Amino acid sequence: MSTPIRARILQEVVPADGEGRVAHGMPEITVPAAALLELVRRLKDEFQFDMFLDVTAVDWPQRTPRFDVVYHFYSTTHLLRLRLKTRVPVAEPVVDSLVSLYGSAGFMERECHDMYGIVFRGNADLRPILLYEGFVGHPLRKDYGKTQEQPLVPYRT
Amino acid sequence: MDTPVGARLPNPIRPAFDRGERDDSVVVSIGPSHPATHGTIQVIAALDGERVQRVDVHCGYLHRGFEKECEDHTWHNLIPYVDRLNYCSGLINDFAYCEAVETLMDVEITPRCRYLRTLLSEYSRLADHLTCVAASLMELGAMTAFLYLVMIRDYIYEHLADLTGARVTYTYGRVGGLARDLPAGWLARLAEILEQYEMFIARIHGLVDRNRIFIDRMRDVGVISTAEAINFGFTGPILRSTGSPRDLRKDMPYLAYAELDFEVPVGIKGDNYDRYYCRMREMDESVHMIRQLMNMLPAGPINVDDRRCTLPEKHLVYTEIESLINHFKLIMDGPDVPAGDVYAAHEAPNGELGFYLVSTGGGTPYKVHVRSPSFVHMGGVHRLLEGYQLADIIPTFGSVNMIGGECDR
């Protein structure tokens, strides 16, 4: 049941300036950031990808544009997962938020903003979620040192 | 929200609101230092009398840089670390992580390992659900039920310690297999524990199911519809309690689940009572599966014969130069995982536990991301709390079974 839908998605949805492939059994589409929101809306309305599973980013400091933003969706109708990737530069790490389509986007985009500094345009609530107010920087970026500390409460000496 | 007591220290959070809908609304902060919020969750609630108007949930108090740390260790060295995500069912984390790495390496595990992992996943699910049901019953004052359930859980922990050497953080999965095979007599003791489980779970049903106090606190409290649950990315018992039979073990069968006979219990209206009952029924299904698996376990090796990930046998390390080098390279450099990315998910006791791994080749991951059900659930839990009583926060939060380790990572 899931094989025809996989082929259909890759035939119909991938825009001209994007690319599609199947990686370890999962369809994966790479699109420009500007086309993302419209594509996700189509996937949700026409292909029943009704669950937004996850969003994260991957930092490639040597590459331009520097970040991959990686989305995972699931269709409870077709029982199929799908991965979406888009690339954003470090100077303007902005993608459209999916909060208008999925309730789960709120928290997950906050986490991605915390960790990588990706700005989700349209998500009004990008307050720190796993980090705390006043934390400087984005710890999962490769240029943030692992031992770099910002204690909120001074250490007792 | 700065209180005089903590005025000298900055507030780690910024609440979304500082007043309620009405002039006489009260805003209270619940947790994180509260046993019912597991010490890690802070709930800012605007109250109209006892009714909760609006809540703002904050997590992160148990954030320890899991994903950052993972980028600095070999693929194998992460296994003790993933144990500590959902510390009520560490084995399922191990197996989901190992499967993700094995997919990248194109390694197929041996049949005995496949069945053993399935058996232990279900055994872990049993322990996790026992913990959740026991804790939520205790929070409602049912101390007897709590003691019955954690007694069984303790039998399971001790029994898993016989196998893995640890009660909670097992470090038992290996890329391409398992740490060790079953000790003698392990399955016989397993059968005993399952019988004791059945005896005590019958008592829980008798104590709780039709108990007026319990029903009044649980029925029609924390209700969520299927559509809204899907919208908020809810998976696992919360989604199933709304009547939607979505379970990765059936929908995208992994390990040996395709060969097992089991049902996916669902609820009727997605309230606290349904979540309780779904977990109770899922435990019965897990026991049913474990009994099938005990008879299906094939003989044979538990580790694949693949020098890229499996350590050579110890006596060979001491006698052959090739095995010595192999051992050294696997320990010092880590298994050589081809470049690529993969998302692998298992049906953890709380829902979909996914690992998104990125490799650039070599022994250390480039990125490890965990899609943890608890974190996603915290993104929608306000829908379960708003509109109900302040006191309902405790059982509703308990029925969500937030696990700080995987929520905050």
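The structure is a predicted model, in which local features need pLDDT of at least 70 and side-chain atom pairs count only at pLDDT 80 or more, while totals for chains, interfaces and linings use all residues. Residues are numbered from 1 along each chain as its sequence is written, and chains are lettered from A and ligands numbered from 1 in the order in which they are written.

**Chain A**

Chain A has 3 helices and 7 strands, where helices (H or I, at least four residues) and strands (E, at least two) are DSSP runs numbered from the N terminus. Along the sequence these elements follow the pattern α-β-β-α-β-β-β-β-α-β. Taken along the principal axes, the C-alpha atoms of chain A fill a box of roughly 65 × 30 × 25 Å. Of its 157 residues, 38% count as buried; a residue is buried if 20 or more other C-beta atoms lie within 10 Å of its own, exposed if 12 or fewer, and partly exposed in between, with C-beta atoms placed from the backbone.

One buried residue is A:Y102, which has 24 other C-beta atoms within 10 Å and lies in the loop between β6 (94-96) and α3 of chain A. Leaving aside residues up to four places away in sequence, A:Y102 touches A:F52 and B:N231, a contact being two residues whose C-beta atoms, placed from the backbone, lie within 7 Å.

**Where chain A meets chain B**

In all, 34 residues of chain A are in contact with 37 residues of chain B. On the side of chain A that touches chain B, β3 (51-59), β4 (67-75), β5 (80-88) and α3 (105-116) each supply at least two residues, and β3(A) gives the most, with 6 residues.

Helix α3(A) packs against helix α14 (residues 373-380) of chain B at an angle of about 120°, with the axes 7 Å apart; axes are lines fitted to C-alpha atoms, for helices over the stretch in contact, and angles run from 0 to 180 degrees between N-to-C directions. The angle makes α3(A) oblique to α14(B), since angles under 35 degrees count as roughly parallel, over 145 as roughly antiparallel, 65 to 115 as roughly perpendicular and the rest as oblique. A:G106, A:F107 and A:M108 of α3(A) make this contact with B:F375, B:V376, B:M378 and B:G379 of α14(B).

**Two parts of chain B**

In chain B, 3 strands form an open antiparallel sheet in the order β1-β2-β3, where two strands pair if DSSP finds at least two bridges between them. Because β1 (26-30) and β3 (51-58) of chain B stand at the edges with a single partner strand each, one side of each is left without a neighbour in the sheet. Strand β2 (residues 42-48) of chain B pairs with β3(B) over 7 bridges, and B:Q42 has B:H58 as its bridge partner in β3(B).

In helix α6(B), the residues B:L190, B:L194, B:Y197, B:I201, B:I204 and B:V208 are buried. What covers the buried residues of α6(B) includes α4 (111-139), α5 (143-164), α7 (212-218) and α11 (272-296) of chain B.
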